[in-house]
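Visitor: I would like to learn how to read pockets and sheets in a protein model. Could you show me the structure and take me through it?

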Amino acid sequence: MVSRPETGTDVVRLASPDVGEAELAEIREVLESGQLTMGPKVEEFESLLAQAVGVEYAAAVSSGTAALHLAVLALGLGPGDEVLVPAYTFPATGNVVALCGATPVLVDVDPVTMNMDAADAARRTTAQTKAVLAVHLFGRPAPLEDYPQLPMIEDAAGALGATHGGRPCGSLGVLGCFSFHPRKIVTTGEGGAVSTNDAALAETVRSLRHHGWLPSTSYDDMPRPAFNYRLSDVLCALGIPQLRRLAELHAAYERIAAGYGERLAGLDVVLPSTEPGDRHGWQAYVIQVDRRDEVMVGLRAQGIQCQIGTYALHRLGAYRDQGPFPGADAAFERALALPLHQRLTEGELDRVAEALDKLVSNH
């Protein structure tokens, strides 16, 4: 087989945001208005997001990490408090707990679903455990009802459009957190949001994102020092057309995921799935395969971009010596994210499947 480099025109891209003329028109409107931040596009973006998630309130912020940070702070978590966090997740999930002065308690994950393991969560719950930070990893809804019944923050960074028990992810806990990074189904370049049905929590988040000013007093009072975690009108304008066509985008991702499922069904890999009745968010198409690193190198050599799933936190210096976490180890060593975006062609899906077939079958 001819080896193709991982750069150039013949590359199967890992991600490709669906942005174009509609986004340009929205951004042009902002530029022509002269109000680039703290304007009407932020409110429009928040309204569309709240509608999509099925909640009363959504607050746009500067990143998914900022959303998580503000959610932890809004619940008043700090020194002396413990928060359950999956041991297999992007590090921001644990970092925000530590940055608030609370203790992130790592919990193993189910090696197949890669979401937090309910039995291990129960074992690690103590009198100091004040919240659960549950991740819908890669868009697969987590079984929140099986976790300790404590205040629940949803890390729904990759789960916009996903549903669990007929309800949208991001509406299931007291607070939901989203990311709009370019690998997400809706992107603002960088950006995030917090969703909730609790008016007091919503106001706290809005205060914390804007230096501590209190929105309900028209910013006459600033009861606490806080952050500048705002998201500008320019970036909200980028996301508005995508939120308007979220159902269409999500359906496109589902078609591509189904195309992978058909092509990879006979291979010696574990395919992503959900519980019956749930709907996957498809932030990434992550398979599990033996010799993951070797397979990843082989795909990249053929011009197919791919990436590890995410990180086993206990293998990072910041969280070392909390293990063992065999489920997280298995997920970290086997998870492989394949190209997933709405511009993937049938030919590119064939190319990925054929390359995987050869790499997996060679051993």
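Guide: Gladly! A pocket here is an open set of grid points where a 1.4 Å probe fits, with protein on both sides within 12 Å along at least five of seven lines. Rolling a probe the size of a water molecule over the atoms shows where empty space is left. Please keep in mind that this is a predicted model. Its largest pocket has a volume of about 610 Å³.

Visitor: Which residues lie nearest the centre of the largest pocket?

Guide: They are Phe90, Ala157, Lys184, Gln283 and Thr310, out of 29 residues that line this pocket.

Visitor: Which helices and strands each supply at least two residues of that lining?

Guide: Look for helix H3 (64-74) and helix H4 (92-99), then for strand S8 (175-179) and strand S11 (307-308). H3 gives the most, with three residues.

Visitor: How do the residues of the lining of the largest pocket divide by class?

Guide: Eleven are nonpolar, 14 are polar and four are charged.

Visitor: How much space lies in the second largest pocket?

Guide: About 320 Å³. This pocket is lined by 15 residues, and Val42, Glu43, Glu46, Arg206 and Arg209 are the closest to its centre. Two elements give two or more residues to the lining: helix H2 (40-53) and helix H6 (199-209). The largest share, four residues, comes from H2. By class, the lining has seven nonpolar, three polar and five charged residues.

Visitor: Let's zoom in on one pair. In what sense do S8 and S9 pair, and over how many bridges?

Guide: S8 and strand S9 (residues 192-196) pair in the antiparallel sense, over four bridges. To find your place, look for Ser179, which stands opposite Gly192 in S9.

Note on methods:
Residues numbered from 1 in each chain as written. Predicted model: local features only at pLDDT ≥ 70, side-chain atom pairs only at ≥ 80, totals over all residues. Heavy atoms only, no water. 1 Å grid on protein atoms, 1.4 Å probe; cavity = no way out; pocket = protein on both sides within 12 Å on 5 of 7 lines; lining within 4 Å. Points joined across faces, edges and corners; volume = space filled by probe spheres on them. Nonpolar A, V, L, I, M, F, W, Y, C, P; charged D, E, K, R; others polar. Pairing = 2+ DSSP bridges.
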